[in-house]
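Hi everyone, thanks for coming.

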Amino acid sequence: MSVYRLSYILLGLSLLLFFLDTLGMLNFVKEPVDSVVIPVKSAVYDTWALVKGAGNVVWEYKDIKNIADQRSKLAKENEELKRKVFDLTGENAAMRHQLGAPLPPTLGFIPGNVIGKSRYLEVSVGEKDGVKKDMTVVDGTIFIGKTVNVSPLRSSIILPTDSDLKIPAKTSRGTEGTVIGEFGSSVLLDKVLQKDQLFLNDQVVTTGAGGYPPNLLIGKITHISADDVSPYKQAAIEPPLDYGREQTVFIVSSL
Amino acid sequence: MKFFLIFFIILGALLESTVISFPVMLIVIVTLSTYAEENVFLWAFLAGFLLDILTLRTLGVDSLFFLASSMVVVRYKKILHPGRFLYQLAYLLIVYSLYSFIFYRQLTVPGIVSAGIFGVVLLILFERLFAFENKRKLTV
């Protein structure tokens, strides 16, 4: 068989696979494949996290002492805050009882173990666990992303650093804009009107529009760039965590 | 050689789909196309198929891209042969940019530089390996 003939056969086969998968006709093959892929990817991801962690200890050795000092300071602050939370929780409960206000609606969560991070974050839960496309993903109150590809046992999550994800957001002072990713590594608050004010270190959270739950933390403002000619101004946002170090995330199944 | 390539492709696909946001497999296939003339399309198809499975992309997408990239190398062998290093590098960077923009939505200078360096390393590695393989075959 000539080399070119083989290439045309393989091209045809690839096209066939593409159309069959687009129509969802290959889903029955994906489930057994996923059950093999998940443990392998999980092992690679965990090993990589260990190697990365060991490397960071060497590189960040100078910062370790500062971190230790900060830790003891934060532990003290934490104790004080715990005391305040205790007081406020009691006060809050009393207020609720008095006003007869309903409890906030409880969100439904599907926990997923992270098994990889390339362009997307990948977790080991899929359709069989109730995951669907376009579901919001969180870690605590921190916004992680949205599900984009879902197979029977796996799901990919698009992160705020991706330019394909646009999130309606607002700052802690109420200034509204749209959060978009840049180059797969940084996050921007864009489409902020020139008349609206932006401040460094302000937190940026979801507005609740666009199908996302409200008040999920996306990050804090670290740099503001305003250009008088442009109708909008932008701010660079620093996410509160390194998405590549996530071990478990939660998919919001019901709002 | 076959076992080495299988190991290389599996490792590359696993790393690209799990921990590195960088088109490792594309660079492997494009550089391999220059040397492995006989089975290059089969390697391209298998590598793409494996990557599609591991990354949850639509099956066949990566295979199509890899096959098309390697077909260009084989079709224009006179221009992209191992002696014309700069042409090879230029072609590799064009394909990298296209792939990176389509599949990763990112195209940065550090990425292009990394692709260039990785491509050069692989070109040298494959040149040595295939030269050794040919020498071994002749001796036998």
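Let's begin with α5(B) and α6(B): α5(B) passes α6(B) in a right-handed crossing. Please keep in mind that this is a predicted model. The axes of these two helices come within 10 Å and cross at roughly 135 degrees, and α5(B) and α6(B) are therefore oblique to each other. Which residues make this contact? On the α5(B) side you can find Phe85(B), Gln88(B), Leu89(B), Leu92(B), Leu93(B), Tyr96(B) and Ser97(B). Facing them from α6(B) are Gly111(B), Ile112(B), Ala115(B), Gly116(B), Gly119(B), Val120(B) and Leu123(B). Sorted by class, the contact of α5(B) with α6(B) has nine nonpolar, five polar and no charged residues.

Now stay with α6(B) and look for another partner, α2(B). Helix α2 of chain B covers residues 24-35, and helix α6 of chain B covers residues 109-139. Their axes come within 9 Å and cross at roughly 40 degrees, so α2(B) and α6(B) are oblique to each other. This crossing is right-handed. From α2(B), the contact includes Val24(B), Ile27(B), Val28(B) and Leu32(B). From α6(B), the residues include Phe118(B), Leu122(B), Phe126(B) and Phe130(B). By class, the contact of α2(B) with α6(B) has eleven nonpolar, three polar and one charged residues.

Back to α5(B), with α4(B) as its partner this time. Helix α4 of chain B spans residues 61-75, helix α5 of chain B spans residues 85-104, and the two pack at an angle of about 165 degrees with their axes 12 Å apart. That angle makes α4(B) roughly antiparallel to α5(B). The crossing of α4(B) and α5(B) is right-handed. Among the contact residues are Phe65(B), Phe66(B) and Val72(B) of α4(B), together with Tyr91(B), Leu98(B) and Phe103(B) of α5(B). The residues of the contact of α4(B) with α5(B) divide into eleven nonpolar, one polar and one charged.

Let's zoom out to the two chains. How many residues does each chain bring to the contact between them? Chain B gives 36 residues and chain A gives 38 residues. Chain B and chain A bury about 3100 Å² between them, and 70% of that is on carbon and sulfur atoms.

What about charges? Side chains of opposite charge can pair when their charged atoms come close. Between chain B and chain A, the count is one salt bridge. Here, Arg105(B) forms a salt bridge with Asp164(A), and the closest N and O atoms are 2.9 Å apart. Over all chains, the count comes to 14 salt bridges.

One of the pairs is within chain A: Lys146(A) forms a salt bridge with Asp134(A), with the closest N and O atoms 3.7 Å apart. Where do these two residues sit? Lys146(A) is in strand β4 of chain A, residues 142-150, while Asp134(A) is in the loop between β2 (121-123) and β3 (136-139) of chain A. The pair links distant parts of the chain, twelve residues apart.

That's my tour, and I'm happy to take questions.

Conventions
Residues are numbered from 1 along each chain as its sequence is written. Chains are lettered from A and ligands numbered from 1 in the order in which they are written. This is a predicted model: local features need pLDDT of at least 70, side-chain atom pairs count only at pLDDT 80 or more; totals for chains, interfaces and linings use all residues. Side-chain values use heavy atoms; hydrogens and water are left out. Axes are lines fitted to C-alpha atoms, for helices over the stretch in contact, and angles run from 0 to 180 degrees between N-to-C directions. Helices (H or I, at least four residues) and strands (E, at least two) are DSSP runs, numbered from the N terminus. Angles under 35 degrees count as roughly parallel, over 145 as roughly antiparallel, 65 to 115 as roughly perpendicular and the rest as oblique. A crossing is left-handed if the near helix is turned anticlockwise from the far one by less than a right angle, and right-handed if clockwise. Contact means heavy atoms within 4.5 Å. Ala, Val, Leu, Ile, Met, Phe, Trp, Tyr, Cys and Pro count as nonpolar, Asp, Glu, Lys and Arg as charged, and the others, Gly among them, as polar. Buried area is the accessible area (1.4 Å probe) that two parts lose on being put together, summed over both. A salt bridge is a side-chain nitrogen of Lys or Arg within 4 Å of a carboxyl oxygen of Asp or Glu.
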